[in-house]
Structures are given as structure tokens and as C-alpha cells.
There are 2 protein chains.
Amino acid sequence: MTMTDFSTTKPTKAEELRQWISAHRDDYLDALRQLVAIESVSVDPQRATEVRRCAQRVRDALFDAGAEFAEVFETEGHPVVVGRFLQAGPSAPTALVYLHYDVQPEGPCEQWSSPAFAGVIDGDAMVGRGTADDKGPLFMHLGALRALIECSGTLPVNVSVIVDGEEEVGSPSLRSWLEEHADMVAADLVVISDTSMLGLDEPSIVLGTRGNTSLEVEVRTLDHDVHSGKYGGAAANAALVLSRMLASLHDADGAVTVPGFYDEVTEMPAEARTALMAAAPDAQRWLTGIGARSEGGEVGRALVERVWARPTLEVVGVWAGYTGEGMKTIIPAVATAKISCRLVDDQDPVEIARRVGAHLQALGSGQADVVVRLGRGGRAVTTAWTSPVLPVAMDAYRYGYGKDPVLIREGGTIPIAATLGEIVGAEVLFLGFGLHDQNEHAPNEWLSITNFERATNAIVRFWQLLPAALTQPREVLA
Amino acid sequence: MTMTDFSTTKPTKAEELRQWISAHRDDYLDALRQLVAIESVSVDPQRATEVRRCAQRVRDALFDAGAEFAEVFETEGHPVVVGRFLQAGPSAPTALVYLHYDVQPEGPCEQWSSPAFAGVIDGDAMVGRGTADDKGPLFMHLGALRALIECSGTLPVNVSVIVDGEEEVGSPSLRSWLEEHADMVAADLVVISDTSMLGLDEPSIVLGTRGNTSLEVEVRTLDHDVHSGKYGGAAANAALVLSRMLASLHDADGAVTVPGFYDEVTEMPAEARTALMAAAPDAQRWLTGIGARSEGGEVGRALVERVWARPTLEVVGVWAGYTGEGMKTIIPAVATAKISCRLVDDQDPVEIARRVGAHLQALGSGQADVVVRLGRGGRAVTTAWTSPVLPVAMDAYRYGYGKDPVLIREGGTIPIAATLGEIVGAEVLFLGFGLHDQNEHAPNEWLSITNFERATNAIVRFWQLLPAALTQPREVLA
């Protein structure tokens with residue numbers, strides 16, 4: 001990989017920007033604390049008013065940071081807030097940043113070391129629901145934008161910011177809102193700050209997230225459960241038929257046997273694989289951390305590749321027959337399984353679910369009635385190894401964290417990333433600053449103040465260097 | 001098979017006996033109606049007093065029929081009633097008859113055509129809970145014994161009658177009661193009248209019932225469920241591991257693959273197989289009646305052999321992971337299955353469960369922690385094809401029903417039959433007079449009055465001819 005070394009082209013006013021960020025850090029932490037105090041728990045209908053109040057405060061914060069436009073947009077659910085920083089002017093490229101202001105429920109209050117919505121500072125940590133996910137990152141971006149505007153009077157790129165109010169409930173309103181406001185979200189690059197780094201001193205860039213898809217399969221061998229004495233040996237057992245179907249979905253080497261499952265999956269370039277292997281956490285610790293009795297996935301591939309860069313098929317749940325206390329001597333008529341797949345590259349969620357379903361239908365044919373119910377899913381999102389924005393991001397982390405970032409991936413799925421990439425029609429870059437131990441979705445969620453400041457500096461650097469990368473022909477980013 | 005044709009040795013007073021039975025039939029139906037009126041529902045603690053009252057009435061009925069001894073024995077549950085008809089004297093052989101006086105709950109009252117405990121006569125049917133199961137058969141036996149005593153002043157054999165009060169709840173007290181009263185139940189033959197014939201005009205003898213055994217297997221691959229994005233491809237999936245284990249328990253021909261599973265199973269003698277095939281109900285109707293989408297059991301064996309005379313292994317229930325609404329993207333840490341086997345010949349319930357459990361342990365080894373919980377079971381009971389009591393039973397049915405009986409089996413299990421055979425140390429004969437459509441355990445249970453009279457005659461004939469068979473060397477019956 002050839003990479004322009006932007007770090008040698010020292011930006012003007014670099015020291016001034018650093019100082020501005022350092023000097024105003026506590027102001028932004030105060031503003032963050034005030035936002036944390038608003039209980040914007042999107043899943044709780046009792047707190048819908050708080051969610052709306054939070055949206056209004058976010059709009060105000062966008063204006064405070066220098067947005068030329070900021071508005072709370074109503075949806076069928078909670079509002080979407082938009083801020084537009086168009087200081088760079090119509091000839092400059094535009095980036096779209098996705099964040100969210102809603103939070104998870106606080107859970108058991110007695111497990112919090114300080115009140116969940118207080119934002120108490122304890123050493124390097126601000127403790128509170130939403131400090132890490134995702135109100136902290138919101139203020140990292142607002143601080144970076146404000147710093148640039150304050151120190152240079154303008155911005156190197158135009159930046160549109162979408163702050164979702166329904167991320168924690170699956171963003172049900174966002175797609176249609178995006179489609180209806182295509183002009184407002186038009187951009188040359190989508191930036192998502194919702195992923196995690198390996199650690200505070202291990203800056204890392206997530207080059208890709210896996211997609212997912214799901215389906216449910218119901219197998220029926222009989223009109224109803226029958227007595228295992230009267231019919232055992234005569235009637236096909238739905239639990240056994242389903243077990244055989246599920247058992248055959250992987251071969252002896254752990255590869256998925258569904259015809260066409262790997263059709264859109266490509267092997268990683270050697271360089272990318274090498275980088276991935278270098279970035280990989282210790283495989284053994286990965287497994288012992290969850291008490292794994294054995295390994296899953298494809299034989300002959302490294303664990304990190306299996307989790308980050310290969311598709312999987314898992315049985316999420318299965319049930320049949322009698323599952324209560326003691327024993328009931330029946331042959332079950334019906335057996336059901338929930339199946340979930342992780343996807344990579346160009347695997348289409350609908351098409352993969354359809355192929356798995358068709359294969360299950362074929363497996364059960366002649367033995368049972370097989371009903372398949374297709375679920376929802378999202379595509380994988382990958383930043384190309386050759387993308388011109390990648391060296392920019394690497395330089396930004398190096399600048400913010402004083403250390404070369406490693407290039408990693410995440411096995412999970414961020415459905416909104418694929419949606420944004422698709423609707424905006426631009427490349428997606430994960431510019432994430434999370435830490436793995438921040439207790440997101442758990443009691444004692446916290447934000448590292450050191451990380452807050454480093455990330456703000458990294459974002460400033462990213463916007464400064466981005467225009468050079470985006471002035472390359474648009475096709476490169478497709 | 002050589003069979004003594006007892007029907008040519010016309011018993012004395014045969015016509016007199018038939019007439020006595022015909023003349024007293026309505027008296028016995030009256031007595032049955034009075035017993036049906038007592039709501040001896042053993043599962044219902046509210047009706048424990050009724051159960052006890054029924055036991056006392058049974059004792060009285062035993063005395064009325066000519067018992068020299070009759071008593072209600074207390075147990076930890078409901079009482080056992082014993083009647084002894086020892087008129088044949090100490091040098092004559094003794095048979096032990098097992099019956100029960102408790103009944104199933106009546107279920108939804110509005111579905112009964114007449115009150116559940118009224119014993120209303122409707123054409124050839126007496127309708128009521130317990131008329132068929134098992135108060136009717138009790139009076140068939142009492143009528144037969146009384147007829148013999150009335151017409152000849154004695155009995156050809158001594159007959160001990162045990163009338164259980166807990167059959168419908170699994171006879172929890174009976175085994176220890178039997179062990180404590182070994183002298184009272186000593187016998188040369190155990191007779192159980194709790195099986196069914198193919199029809200009122202299709203007399204049939206059940207030559208064997210299958211045994212059963214059960215176990216539960218729990219497979220653990222992880223300390224707890226994990227996120228399928230973070231660990232999919234790394235962690236072994238308990239649901240998939242269990243599916244593969246269950247799928248491997250039968251080979252492609254439907255035979256059970258557990259080592260040693262068939263060790264105690266023998267092939268039927270050709271003559272027995274021919275008789276079984278001749279007696280078999282229509283296989284296609286058997287399957288369409290339950291809406292079977294395909295067949296189970298061992299390829300290459302007739303359906304009737306598979307259900308009546310071969311062991312099976314069924315998954316009764318299975319569950320793992322997320323089974324609620326929608327989808328949860330997890331990898332299940334634990335998967336559990338309940339397994340039930342039907343046994344034949346000398347398969348020991350404890351040993352077979354142990355072998356299946358050990359095989360499951362071996363299958364999961366290296367992949368998962370496997371915990372096996374062994375359940376309870378009962379042995380198969382088979383009347384030997386060469387048993388000297390078989391021709392006696394055949395003659396009895398021929399005499400009572402005017403037609404040669406066919407020799408059938410039952411795929412289900414009557415645990416008490418094995419227990420009685422084992423504790424008494426004698427051969428077990430199923431002398432059953434049930435009809436398959438009598439709604440036992442359902443609303444509108446009924447008894448055919450024609451069947452009642454025919455069965456009483458058959459039992460008389462059976463006792464008359466039995467001594468000749470039992471005077472053969474005792475070893476023959478072992």
C-alpha cells in the first residue's frame with residue numbers, strides 16, 4: 001500500500017488549535033453533562049418528552065458550535081436533528097456525520113456508582129448514561145468544528161451532522177426521513193462515529209462491519225404431536241428432521257453448505273489480510289474470555305478473519321416438543337429454528353436469507369412441510385483498502401493519539417451505516433473513538449476525558465486533510 | 001407352532017355358565033353403575049375421600065363375588081384393594097389379576113352426552129368415566145369368578161386380585177406395597193386386563209408391550225450467550241453442536257447408532273413375524289390418521305414391526321437460545337434435549353439410558369460440556385410365542401367372541417406389567433378386552449355391553465383351561 005504521508009505537511013495553526021481544544025475542554029464537558037442530564041431513553045414511552053427536550057438542546061448545541069443551519073425534524077417516532085456547517089462554501093466537498101442523541105435505559109440504579117444521569121467526574125472518567133454512547137462523541141465533533149471555525153474563521157469541508165433520536169431502537173424512522181431529505185444529506189463521504197478502538201493507547205480504525213440477515217424455519221412432520229409408544233418407529237419426528245437439517249448446514253470444515261452462500265464473497269487482498277492479522281487481538285484470550293469450550297467457524301482460517309471478514313450462519317434459537325419438567329412420551333409434530341447470518345462484501349441480506357430458506361426447503365422436502373419466514377437485515381460496510389480517505393483517517397488518529405493506528409474490523413453490524421451509504425451514495429468511513437470497556441448499555445457507562453480531548457484533535461486533523469483526498473475523481477469513492 | 005385344540009374338550013356345564021352370565025349380566029351392570037357413581041379421580045386431592053370410599057366398595061364387591069379374603073390396604077397414597085379366591089385349594093396353581101379402581105378426571109363436563117359419573121345406558125353402551133377403564137373389566141372378572149363358583153361350587157385355579165387405586169397417577173405406591181406383601185401376590189401367572197383389542201368383532205391378544213426409558217442431555221459451549229457479531233465464527237454454537245449430535249443418533253437407514261443399543265434385541269422367529277404381519281392394521285391408514293408427512297423408523301422393516309417389535313429413540317423436546325418474538329443476534333451457550341426410547345426384549349431401561357448418555361458424552365467431547373440426566377423407565381413385557389398359556393388365551397377369546405383372535409402387540413409401555421412380572425417372578429399375560437374407540441381418558445367414555453358379556457365368558461373359559469397349561473414344568477414359564 002502506498003500512502004501519502006500527510007503528517008509531514010504540517011497544518012497551519014496546529015498548535016493554536018490544540019490549545020483552543022485544551023482550553024475549552026471543560027466547557028464542552030459541562031455541555032455534555034447537561035445533555036446527559038436529559039433522560040433521552042428512546043425505548044421508554046414515558047420519557048418521550050425528555051427525548052424531544054434533548055433534541056431541542058442538541059439543535060441549540062449545533063448552533064453554538066457554529067452551524068449555519070440547525071433544525072429539529074419531526075418523524076413518526078422521535079425527532080431527527082440536523083446541523084449544517086457550510087462555511088467551506090459550495091465548491092468545497094461535503095461530509096455527512098451520523099451521531100445519535102438517544103440512550104439506552106439506565107437499568108438497575110443500585111448498580112451505578114453515581115446517579116445514571118448525573119455525569120459525575122471521577123478521575124479521568126465522566127460517568128453517566130450516554131457519556132460514551134453517543135453524547136460524548138457528539139461533543140467531540142462539535143468541539144472540533146467550533147475549534148476550526150474559531151481558529152481559522154471557516155472550515156476546510158462542509159459538514160452536515162445528523163443526530164438520530166432512535167438509534168437504540170433500530171432507527172425505524174430514519175430511512176424514510178433520509179429519502180425525503182436527500183438534498184440535506186447529500187455528501188461526498190459518510191462519517192460514522194459509533195465504533196470502538198482497541199484501547200485508549202491503541203488507536204484503531206474499523207475498516208469494515210459485517211452485515212446480517214435472519215430467518216425462521218418451521219418444520220412439520222405430523223398434524224399434531226403423537227404418542228411415542230403408539231407411533232414411535234412409524235412417524236417422522238420433527239425435532240430429529242430439523243436437527244438433521246441444521247446439522248447439515250455446515251460441512252466438516254465449518255463452511256456453510258447452502259448453495260450460493262459464498263457467491264458474493266471474495267478473498268481479501270494479501271496486504272489487507274496481513275494488516276488484519278497484525279491488528280488481531282490475542283485469539284486465545286478472545287475465546288477464554290467467553291469460556292468457549294471449542295472454536296466455531298471455518299477450519300484453516302485465522303480466528304480474526306473468521307470473525308471480522310467471513311460470513312457465518314448461526315442457529316440463534318431452536319425449540320420443539322415438550323420442554324417442561326419431567327418427561328412426556330411424545331413425538332413432536334413441529335420444530336422451529338431461528339437462524340441469523342453475518343454477511344461480508346456484496347452479500348445481499350434478502351438474497352442470502354432467500355438462499356438459506358430455499359436450501360432448508362430442499363433439505364426437508366419429502367420429509368416434512370417446511371415454512372420459512374424471512375427476517376430483516378443489513379449489508380456489510382467496508383472501507384476499501386485503497387480508499388484515498390484511509391490515509392487521511394490514519395493521519396488523524398496518529399495526530400490525535402500520538403501513535404500509528406492499526407486497521408481492524410468489527411464482526412457486528414451497524415445497519416444504519418449501510419443505509420446511509422446507500423441513500424447518500426457515498427463511501428462510509430467509521431471514525432470511531434469508543435473504548436471496549438466503557439460499559440455501553442450497562443451500568444456505569446463512562447467516557448475517558450483524555451480520550452475526549454484526543455478524539456477532538458483527531459477530528460480536527462481529519463477535516464483539515466480530507467479535502468485533498470476528496471478532490472480526486474468521484475469514481476474512486478464509489 | 002403346535003397348539004392343543006382345547007375347544008374339542010367341551011367343558012362340563014358350559015351352557016349352564018353361559019346362561020348364568022347372561023341372566024346376571026344386568027346385576028353386574030347395576031353394580032358397575034354404582035361403582036362408576038363414586039368419583040375415584042386419583043389425581044384430584046379434593047376427591048381423596050371418594051377414592052377411599054371406592055376402595056371399600058371394591059372390597060365389598062370382591063366379597064360378593066365369592067372372595068375368601070378381601071381387604072383395603074393403606075399406602076402412602078391411595079389404598080390398594082386385594083381379593084383372594086382360594087377355592088381351588090393349595091395344590092392348584094394361582095393366578096394374579098391386576099386391575100385398578102381409580103379413574104381419570106372427567107374433563108369438560110359440557111362435552112359429555114350424559115353426566116360423567118351416571119353410567120347411563122344408551123343402546124349397547126354404558127356411558128361414564130371408568131366404565132371401560134377399568135371398572136368395567138373389574139366386573140367382567142368378578143362376574144366370571146362368581147359364575148364359576150355358583151355353577152361348580154369351586155374354581156379351577158386360585159385367583160388373587162389386586163385392584164390399584166393409583167394407576168392413573170403412575171402407581172407410585174404399588175412397587176413397595178408388592179414387595180411388602182410378597183406372600184399375598186405369589187402366583188404362577190400374572191394377568192393384566194388393561195390392553196385393547198382391534199375391535200368388538202376382531203378379538204386380539206397383545207403378545208407384548210414395549211418398554212421405555214428416558215434421559216435429558218444438556219450441551220454447553222460457552223459460559224453465557226454471546227453476540228453473534230462479536231463472536232460469530234469464533235465460538236461454538238450449542239444449538240448447532242446439539243443438532244449435530246442428535247442428527248447422528250440414527251444412520252441413513254433409520255437405525256439407532258448408539259453403541260450397544262441393539263445388544264439385547266433379537267430378531268423375531270419367522271412364525272411370530274408372519275403372525276404379526278397378518279394381524280397388522282393397514283399401514284397407510286395408520287400414517288394418514290396422524291397426517292404423517294413421511295415415515296420414521298428403520299428402513300426395510302414393515303411399519304408394524306417397527307412400532308410393535310423394534311426399539312426406537314425419539315427426541316421428545318429440544319430447546320436452545322432465543323425462542324421469543326423476532327430475532328436476537330446471539331450464539332446460544334446452552335442447548336438441551338429430552339430423549340425417550342421404546343425398548344423391546346431384554347433391553348434394560350437404566351442400561352440403555354446409560355449407553356445413550358455415554359454416547360452423547362462421547363459425541364460432544366472436545367466441543368462442549370455435556371451433562372446427562374437419566375430418567376425413569378420400564379422394561380418391555382412379552383408373552384413368549386411358545387408359552388403354554390397362549391393357546392389357552394386363544395381358546396378363551398374364541399369361546400367368548402366366536403372367532404379366532406389375532407396376535408398383536410402394543411408399541412406403548414405398561415410399566416406396572418414389568419414390575420408385577422419381576423416381583424411376582426411369573427410370566428405376564430395381557431388378557432385385555434378394551435376397544436380402541438372407547439374414549440378412555442376423554443369425554444363420553446363408554447363400555448360395550450355386548451363386549452362385557454363376551455369378555456366375561458372368555459374369562460370363565462380361560463380359568464377353566466388354565467390349570468392344564470400351568471401343570472407343565474414351571475421352567476417353561478420362566
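These are my notebook entries on a predicted model with chains A and B.

**Entry 1: ground rules**

I number residues from 1 along each chain as its sequence is written, and chains are lettered from A, with ligands numbered from 1, in the order in which they are written. The model is predicted, so local features need pLDDT of at least 70 and side-chain atom pairs count only at pLDDT 80 or more, while totals for chains, interfaces and linings use all residues.

**Entry 2: the two copies**

I looked up how chain A relates to chain B. The superposition is by least squares on the C-alpha atoms of residues with pLDDT of at least 70 in both copies.

Through which surface do the copies meet? I found that 100% of the interface residues of chain A are also interface residues in chain B, so the copies meet through the same surface.

I use DSSP runs here: helices are H or I of at least four residues, strands are E of at least two, and both are numbered from the N terminus. Two strands pair if DSSP finds at least two bridges between them.

Strand 12 of chain A (residues 312–321) is joined to strand 12 of chain B by five bridges, and the two run antiparallel. Trp319(A) stands opposite Trp319(B) there. Strand 12 of chain B also has eight bridges to strand 14 of chain B (residues 334–343), again antiparallel. In that pairing, Trp319(B) faces Thr336(B).

Is strand 12 of chain B mostly covered or mostly open? It is mostly covered: 10 of its 10 residues are buried. Buried means 20 or more other C-beta atoms within 10 Å of the residue's own; exposed means 12 or fewer; partly exposed is in between; the C-beta atoms are placed from the backbone.

**Entry 3: sheets and a hairpin in chain A**

I traced an open sheet of three strands in chain A, in the order 16-9-17, with mixed pairing. Strand 16 (381–382) and strand 17 (406–410) stand at its edges. Each has a single partner strand, so one side of each is left without a neighbour in the sheet. Strand 9 (residues 204–209) of chain A is joined to strand 16 of chain A by two bridges, and they run antiparallel. Gly208(A) stands opposite Thr382(A). Helix 8 (residues 270–279) of chain A packs on this sheet and touches strand 9 and strand 17. Its direction makes about 90° with that of strand 17 of chain A. Such axes are lines fitted to C-alpha atoms, for helices over the stretch in contact, and angles run from 0 to 180 degrees between N-to-C directions.

I then checked strand 1 (residues 69–73) and strand 2 (residues 80–85) of chain A. Five bridges join them, antiparallel. They form a hairpin with six residues between them. The bridge partner of Phe69(A) is Arg84(A).

**Entry 4: Trp20(A)**

Trp20(A) sits in helix 1 (residues 14–36) of chain A. It is partly exposed, with 19 other C-beta atoms within 10 Å. Beyond four places in sequence, Trp20(A) touches Ala147(A), Glu150(A) and Cys151(A). Contact means C-beta atoms, placed from the backbone, within 7 Å. Trp20(A) and Ala147(A) are 127 residues apart in sequence, yet 6.4 Å apart C-alpha to C-alpha.

**Entry 5: a sheet and a helix in chain B**

Chain B has an open sheet of three strands in the order 4-5-20, with antiparallel pairing. Strand 4 (120–122) and strand 20 (446–448) are at the edges. Strand 5 (residues 125–127) of chain B has three bridges to strand 20 of chain B. Ala125(B) stands opposite Ser448(B).

I looked next at helix 14 (residues 449–470) of chain B. At 1.5 Å a residue, its 22 residues should span 32 Å, and its end C-alpha atoms are 31 Å apart, which agrees. The expected span is 1.5 Å times one less than the number of residues. A kink of about 30° lies at Gln464(B), shortly before Pro467(B). The bend is the angle between axes fitted to the seven residues ending there and the seven starting there. Helix 14 of chain B is mostly covered, with 17 of its 22 residues buried.

Note on methods: Two residues are in contact if their C-beta atoms, placed from the backbone, lie within 7 Å.
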